Amino acid sequence: TIGHVMCSLFYPLFTFLLLAIVIAYWGVTAVFLSTSNQPIYKVFNETICDHSRKTCEPANYSISMEKTQCPDSECLFAFYGGETAYHKYLIGLQFYNVFLFFWCANFVTALGQMTLAGAFASHYWAFNKPDDVPAFPVFSSLGRSL
């Protein structure tokens with residue numbers, strides 16, 4: 001059977017390439033989502049201040065109104081996040097990315113299995129073995145599977 005379907009020996013390399021593309025896409029998307037937050041800075045001080053725990057901008061804090069009203073306050077990093085709807089749904093997007101990864105990886109794996117099964121079935125069900133087998137059974141089966 002393998003002698004008549006020689007492309008079946010190399011088809012797993014194609015499946016591996018597709019899985020590598022899926023993993024690379026998942027990884028790039030996961031890193032993008034993980035690093036798309038922006039730093040949030042807040043006012044911290046030792047004494048009582050009306051601006052305590054409010055967001056601030058560290059680049060111009062030394063000349064800001066908050067600094068003049070509360071001279072012992074500092075504008076310090078608080079956390080990574082954001083106030084937009086995009087920033088609020090980042091964890092949901094990460095879960096969706098994981099779901100998409102599993103779905104695509106399993107789709108590529110199943111596509112490889114269906115393609116090889118179809119190629120071998122075209123040989124198995126051929127009445128006259130070498131003559132009735134298609135010229136490129138793996139590519140024909142890939143087309144049917146897609």
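These exercises work through a predicted model of one protein.

Local features need pLDDT of at least 70, side-chain atom pairs count only at pLDDT 80 or more, and totals for chains, interfaces and linings use all residues. Residues are numbered from 1 along each chain as its sequence is written, and side-chain values use heavy atoms, without hydrogens and water.

**Exercise 1. Find which element has the highest mean pLDDT and which the lowest.**

Solution. pLDDT is the predictor's confidence in each residue, from 0 to 100. Start with the protein: its mean is 87, and 97% of its residues reach 70 or more. Now take the elements. Helix 1 (residues 11-34) has the highest mean, 96. Helix 5 (residues 129-132) has the lowest, 76. Helices here are DSSP runs of H or I, at least four residues, numbered from the N terminus.

**Exercise 2. Decide whether Thr15 and Leu9 are buried, partly exposed or exposed.**

Solution. Recall the cut-offs: buried is under 20% relative accessible area, exposed is over 50%, and partly exposed is in between (1.4 Å probe, protein chains only). Thr15 lies in helix 1. Its relative accessibility is 13%, so Thr15 is buried. Leu9 sits in the segment before helix 1. Its relative accessibility is 47%, so Leu9 is partly exposed.

Notes:
Helix = DSSP H or I, 4+ residues; strand = E, 2+ residues; numbered from the N terminus.
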